[in-house]
Amino acid sequence: MTPLDHCAALVAEADPDRFLSAMTAPVAGRARLLPLYAAFAEIARAPWASQEPMIGLMRLQFWEDGLREICAGRPARAHPVLEALAPVVAEAGLEAHRFETLIAARRCDREPGHPTDVAALHAYLEGSAATPMALAVQV
């Protein structure tokens with residue numbers, strides 16, 4: 001299975017709506033959207049990877065580090081989503097801070113009582129909804 005095939009299968013299972021939207025794009029667009037959507041799916045499920053919150057935080061750190069590396073032009077870590085996403089990041093000029101905003105929102109998923117106020121709610125919505133949409137548009 002190629003990294004792109006892995007991404008397509010992951011998105012089809014984890015986020016069927018985004019998968020269907022990617023299928024409406026031209027073939028070249030799908031090859032850019034599916035790795036991005038797969039990264040979103042991996043990041044969204046990372047906090048829930050274990051009953052132990054620290055394991056989820058470690059997974060989020062893996063994604064933050066891996067995405068920061070490919071945004072800096074370094075080779076992708078040995079993970080099919082990062083391998084498929086690296087050329088997309090390079091071609092579209094995606095910046096690490098956008099992914100960091102997304103990951104920061106997902107760090108809050110396991111915090112009891114989050115969001116604590118309107119500002120926290122806005123930050124969460126920015127990271128979990130607006131940032132993924134903006135990245136998809138940029139791609």
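Predicted model: local features only at pLDDT ≥ 70, side-chain atom pairs only at ≥ 80, totals over all residues.
Local features are reported at pLDDT of at least 70 and side-chain atom pairs only at pLDDT 80 or more, whereas totals for chains, interfaces and linings use all residues. Residues are numbered from 1 along each chain as its sequence is written, and side-chain values rest on heavy atoms, with hydrogens and water left out.

The protein contains seven helices and zero strands. Helices (H or I, at least four residues) and strands (E, at least two) are DSSP runs, numbered from the N terminus. The order along the sequence is α-α-α-α-α-α-α. The C-alpha trace spans about 40 × 30 × 30 Å along its principal axes. The radius of gyration, taken over C-alpha atoms, is 15 Å. A compact globule of 139 residues would have a value near 14 Å, so the two agree. That expectation follows the rule of 2.2 Å times the number of residues to the power 0.38.

Contacts (heavy atoms within 4.5 Å) were sorted by sequence separation. Among those with a separation of 6 or more, 61% join residues 24 or more positions apart. Of the 139 residues, 39% count as buried. Buried means under 20% relative accessible area, exposed over 50%, and partly exposed in between (1.4 Å probe, protein chains only).

The protein exposes about 7300 Å², and carbon and sulfur atoms supply 60% of this area. Accessible areas come from the Shrake-Rupley method with a 1.4 Å probe; for residues, only the protein chains shown count as cover. M54, I55, L57 and M58 make a nonpolar surface patch of about 360 Å². Patches consist of residues with over 30% relative accessible area and no salt bridge; like charges are joined within 9 Å, and nonpolar side chains (Val, Leu, Ile, Met, Phe, Trp, Tyr) within 5 Å. M58 lies in helix α4 (residues 53-71).

Side chains of opposite charge can pair when their charged atoms come close. The whole structure holds nine salt bridges. Each is a side-chain nitrogen of Lys or Arg within 4 Å of a carboxyl oxygen of Asp or Glu. One of them joins E42 and R59, at 3.9 Å from N to O. This pair links distant parts of the chain, with E42 in helix α3 (residues 27-45) and R59 in helix α4, 17 residues apart. E42 is buried at 4% relative accessible area, whereas R59 is partly exposed at 34%.

R107 and E64 form another salt bridge, at 2.6 Å from N to O. Here R107 belongs to helix α6 (residues 96-107) and E64 to helix α4, 43 residues apart. R107 is partly exposed, with a relative accessible area of 25%. E64 is buried, at 11%.

E100 pairs with R68, and their closest N and O atoms are 3.2 Å apart. The pair spans 32 residues, from R68 in helix α4 to E100 in helix α6. Both ends are partly exposed: E100 has a relative accessible area of 27%, and R68 has 33%. Shared partners join E64, D65, R68, E100 and R107 into one salt-bridge network.

The cysteines were examined last. A disulfide is a covalent bond between the sulfur atoms of two cysteines. The structure holds zero disulfides, on a cut-off of 2.5 Å between the sulfur atoms. C7 is buried, at 0% relative accessibility. C108 is also buried, with a relative accessible area of 18%.
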